[in-house]
Amino acid sequence: MDYIGKPESKSPSNCSDAEIADFMVLVLAGGEVTQQGLENRVRSAVRLSFLREGESLVGVAALKRPNSEYRSSVASMAGFALPSSNFPYELGWVFILPSARGKKYSLLISKALLASAGTEGVFATSRADNPLMHRTLGKLGFSSSGNAYSSRRGGYKLQLFVREPPIGYFLTIDG
């Protein structure tokens with residue numbers, strides 16, 4: 001029986017170079033991002049999460065503060081507004097090795113990261129043909145938003161998901 005550890009979630013500044021390299025290997029295995037500039041993007045994430053089965057790294061995910069260009073691009077393609085004031089974070093780079101799938105690890109690893117976001121809004125994108133990740137996002141309080149749009153990385157579509165902050169979260173009370 002494999003031992004699954006608790007997801008380890010930490011700031012990239014608290015990760016060793018080997019941990020960053022291992023994280024990037026799994027992110028690249030997902031086939032959703034290019035290697036160019038990836039290390040800088042990983043190191044600028046808010047939190048990285050690692051999941052191990054025994055001694056083997058089987059899953060990764062990140063909580064990011066996306067740059068304005070990327071945020072605008074996703075919002076435009078999905079036809080859904082993503083102001084940074086409402087959605088300061090993105091849940092991304094969620095990848096579980098194929099040999100470890102079907103064990104709800106994406107839920108486990110994502111939940112560890114979302115605790116860092118508190119009640120703030122978060123968005124995520126997922127392949128439109130990935131109902132298992134859509135189910136995971138639903139369990140985490142995300143809802144499908146906007147329209148599916150063509151990925152720049154290949155012949156597939158992406159779907160935007162958002163976890164909105166609680167109603168009234170942005171209201172202030174004048175004393």
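A: A strand here is a DSSP run of E with at least two residues, a helix is a run of H or I with at least four, and both are numbered from the N terminus. In those terms, Trp-93 has its place in strand S4, which covers residues 89-96, and the loop between S4 and H4 holds Lys-104. The part examined here is helix H4, residues 105-117, together with what comes before and after it; the model is a predicted one.

The whole chain gives the setting. The protein chain has five helices and seven strands, and read along the sequence these elements follow the pattern β-α-α-β-β-α-β-α-β-α-β-β. A compact globule of 175 residues would have a radius of gyration near 16 Å, and the value for this chain is 16 Å, so the two agree. The C-alpha trace spans about 55 × 45 × 30 Å along its principal axes. Of the residues, 43% count as buried, while the chain exposes about 9500 Å², of which carbon and sulfur atoms supply 51%. Among contacts between residues at least 6 apart in sequence, 69% join residues at least 24 apart.

Trp-93 is not a glycine, yet its phi is positive, at about 55 degrees; Trp-93 counts as buried because its relative accessibility is 12%, where the cut-off is under 20%. Lys-104, in the loop between S4 and H4, is likewise not a glycine and has a positive phi of about 65 degrees.

The buried residues of H4 are Tyr-105, Ser-106, Leu-107, Ile-109, Ser-110, Leu-113, Leu-114 and Ala-117. An α-helix has 3.6 residues a turn, so residues three or four places apart point the same way. With that spacing in mind, the reader can follow the buried set, including Ser-110, Leu-113, Leu-114 and Ala-117, along the helix in the view.

Ala-117, which lies in H4, deserves a separate look. Its relative accessible area is 3%, and Ala-117 is therefore buried. Leaving aside residues up to four places away in sequence, Ala-117 touches Leu-63, Tyr-89, Val-122 and Arg-163. Leu-97, although 20 residues from Ala-117 along the chain, has its C-alpha atom 25 Å from that of Ala-117. Just after H4, Gly-118 takes a positive phi of about 60 degrees.

For a comparison from elsewhere in the chain, one may turn to Ser-13, whose place is in the loop between strand S1 (8-10) and helix H1 (17-29). Ser-13 is exposed because its relative accessible area is 64%, whereas Ala-117 is buried at 3%. The C-alpha atoms of Ser-13 and Arg-43 are 7.0 Å apart in space, although 30 residues separate them in sequence.

How values were computed: Residues numbered from 1 in each chain as written. Predicted model: local features only at pLDDT ≥ 70, side-chain atom pairs only at ≥ 80, totals over all residues. Heavy atoms only, no water. Rg over C-alpha atoms; globule rule 2.2 N^0.38 Å. Buried < 20%, exposed > 50% of the residue type's maximum accessible area, 1.4 Å probe, protein only. Contact = heavy atoms within 4.5 Å. Areas by Shrake-Rupley, 256 points an atom, 1.4 Å probe, with all protein chains shown as cover. Expected span 1.5 Å × (residues − 1).
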